[in-house]
Amino acid sequence: MKNVFFMCFLLLSIIAKAHTDPEKNIDKKGSIFGTVLDATLKQPLPYVNVIIKDNNNNTLTGGITSDDGTFKIEKIDKGNITVNIQYIGYKTYIKNVTLKKGNYNVNLGSIYLEEEAESLDAVTVVAEVSTIEQKVDRKVITIGKDLTTAGATASDIMNNLPSVNVDQQTGNISLRGNENVRVMVDGKLSNVPIAQLLKQIPSTSIKSIELITNPSAKYNPEGMSGIINIKLHKNTQIGFNGNLNVGLTKEIFAKFNSSIDMNYRNGKFNFYGNYGNNIGKYDNFGFINRLDDNSRQDFKFGNNNQSHLYKFGVDFYLNEKNTLSFFTNQNSFNGDGFGNTVITYPSTTQWQLFNSLSENHSGQYNFAYKHEFNNEDETLDIEIDYNDFTNDEDANFSFINFTFPTDYMDFVNTNRDQTTINVDYVKPLNEESKLELGAEVRLFGTDVDYNSTGQTYSEQGNLIPTPSTDFEYKRDIYSAYATYSKSFEKWSYQIGARLESVTEEANALRIFNDGTTEITPFENDYFQVYPSIFISYNASDKNTYQLSASRRVDRPGLQQVNPIREWSTPRVSSFGNTELKPQFTNSVEANYTRKLNKGSITGGVFFRIIEDNINRYVRIDRTDVTSGNVILSYDNFDNTTAYGIELSSNYRPTKWWSVNGSFDLFSQEQSGITEYIDNPDIQNATIADIKTNETVVDNIVWNLRLFNNFRASKKLSFSLFSMYRGKQKGIQFTRKPMFMLNTGMRYSFLEDQRATFSFNYSDIFNTMNFEFDGTSPFPNQGQFNWESNTWNVALSYRFGGGKYRALKRKQRDDNTKQESGGFL
């Protein structure tokens, strides 16, 4: 641990001396700012080039407009300059300006660009190479064509991002080694389980991914290690246009995915819609060796899934100041699960066979109203969002050479809904400061019904029919926030706080075969304040320092509190814990960004204190101690700490070669309760022989990623990606190191390179597997594998044209933890 503290101190020392400020000129510097709009539609134009030139037509500086069309170019020498505003398909705007005493800060106001007589048939332009940008409160990775060759879906490219890991066995995502992270799409969390949703989103539909490791008070405080926000291309352009994608992935089974995005914009209406699907089989397999009784469990699971995602929306531009918008997302899923577990003892062999049919549907309905005041930077947003989700699952289990359990069937029906109402107000106080206020109501409810034809042991040790369970859970959240931001000279800061009142109520009703009932109620009401502060110092054009601190919360997910059995094998069963409480974190981090001539590098340190830490809890099955079976659940443990360092860079050594790399090292202390049987004769053990230990693990983990893109020609490029995950210790087991090497190619063709063909080969050496060993509650070692050694071919085609035009919506996250299942 001393070494880690030394590395953190060394990094901060390097950062402090990494630059010398070249700006010693005592002359006054000026600035130019304004807003660029379409002259016909009277709507903002994002990503417009703003170029500042001198009298000799030499370029001095410049920038681009933001999503709302605004720009501000600072640190301009006094004197006569020319402002050039250029955008493809529009006439160039030119204005001469003199910066002098009394006129150093020039407001150009609203600038209306007119279309060229012969405009280009333009569609969304995707960058060739991915870039990483460190902003005041987030890291933004722009997804270029190089990363889209890394895989067909969002899940495939997640492992290429700094500090992000995807567990391919469970689909869970972690940020800086912590799975308590929110994942959003365009600022919203879907009711679709996150692992399923990520495989649904084509990688070619992703514009950028934001890693918000220390979110401000205006975001909902859910998400201990931060927020991952996937921003999709907004294909809302004048006329009719769209994009078509198809792909095929295979190792053992073939998996097909496709999507089509279309929109039509004319006059005051914009209509848009898309459809995407994933169809195919998935294979998982592995084993666990129990060293205490020389037994071995071999698992082989498969899924035959069909997933369909539909979206339709319309924007109605009432006038220059008011916009109405509505959209709906509909997702349907059908899954056929199958598999077997073989348990081999020295003297006998047992089999468990199962198959399951599941069908779910989720719907999202969103209405938004946006009003701009006379000062267009002063805005009022009102948004109402409703989600519903239904799932029916029938599972059939059969056993060979077992005395218990005997064959049985499980039936689980799930219904849940969520309503969210947001009001947000932004008020610029002057050119340097801004006030943001907001309020939110979030109402969440779920009802899960479980029935089974099987048997279970009672507390008295007798076999009885498995009781049915009706689990109801409600959570209502009322919150309000305020943030204030200000910029002056080279400094900028933002302070804020979010106040939140939460009411939780749960009831688990068990109904036994004899008609008796058992109710397990749970209530938890609490009020919390979540402050945040961000400070940024732009030492020069090339050097930026940032410091931030915030408080966050991680509320238990539905699967973590659901007392109904999530899944089981003959020796392992997984249940939730209705009495699980939220965990809180206080985090501080500092970042330094250095712009290079051919790229940039970002370094940072972070520290977290986690209160009432939620963790997996493995305990011995009390209903049958002599069997050696275990129960997986969750519990709250003592406070823990985590700290670490991060380095990331994007660099272009030559015109044909670009590199994205990242390194992160973190230390995380975990504490938990482990159990063991204090009786060498397990066959005669009783509950009294079960003992507990409080285990503390001080863990240091490091990860390394390197992504290379090689451009052979204007149309042809190749990629090479490598990743290494260091060994990671846990309370119950230790995961061994993991390594992966991928390669891919991409070729563009047809007029304007409208079509793209790509090929990707993942995990070339087939080394990506989950190996582990542990000692609690029984000594064991094992391994899990999935279809990682895959090849993928994909074809995309874009059609139509027009100018970019879309309603800007506030990004949001959600207070509901996503599904958290899987074996470990």
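Modeller: A residue counts as buried under 20% relative accessible area, as exposed over 50%, and as partly exposed in between. E611, at 22% relative accessibility, is therefore partly exposed. The model is a predicted one.

E611 forms a salt bridge with R551, and their closest N and O atoms are 3.3 Å apart. This pair links distant parts of the chain, as R551 belongs to strand β29 (residues 543-554) and E611 to strand β33, 60 residues apart. R551 has a relative accessible area of 13% and counts as buried.

The strand that carries E611 has partners of its own. Strand β33 (residues 599-611) pairs with strand β32 (residues 583-596) in the antiparallel sense, over 13 bridges. Two residues lie between β32 and β33, and the two strands form a hairpin. Within this pairing, Y592 has G603 in β33 as its bridge partner. β33 also pairs with strand β36 (residues 640-654), again in the antiparallel sense, over twelve bridges. There, S600 stands opposite N650 in β36. Such strands pair through backbone hydrogen bonds.

The structure holds 18 salt bridges. Another one joins E504 and R475, whose side chains meet at 3.1 Å, N to O. This pair, too, links distant parts of the chain: E504 is in strand β27 (residues 491-511) and R475 in strand β26 (residues 468-488), 29 residues apart. E504 is buried, with a relative accessible area of 2%. R475 is buried as well, at 2% relative accessibility.

A further salt bridge is formed by K427 and E378, with 3.4 Å between the closest N and O atoms. K427 lies in strand β22 (residues 408-428), while E378 lies in the loop between β20 (349-372) and β21 (379-400), so the pair ties together parts 49 residues apart in sequence. K427 has a relative accessible area of 29% and is partly exposed.

In the bridge between E504 and R475, E504 is buried and R475 is buried.

Methods
Residues numbered from 1 in each chain as written. Predicted model: local features only at pLDDT ≥ 70, side-chain atom pairs only at ≥ 80, totals over all residues. Heavy atoms only, no water. Pairing = 2+ DSSP bridges. Helix = DSSP H or I, 4+ residues; strand = E, 2+ residues; numbered from the N terminus. Salt bridge = Lys/Arg side-chain N within 4 Å of Asp/Glu carboxyl O. Buried < 20%, exposed > 50% of the residue type's maximum accessible area, 1.4 Å probe, protein only.
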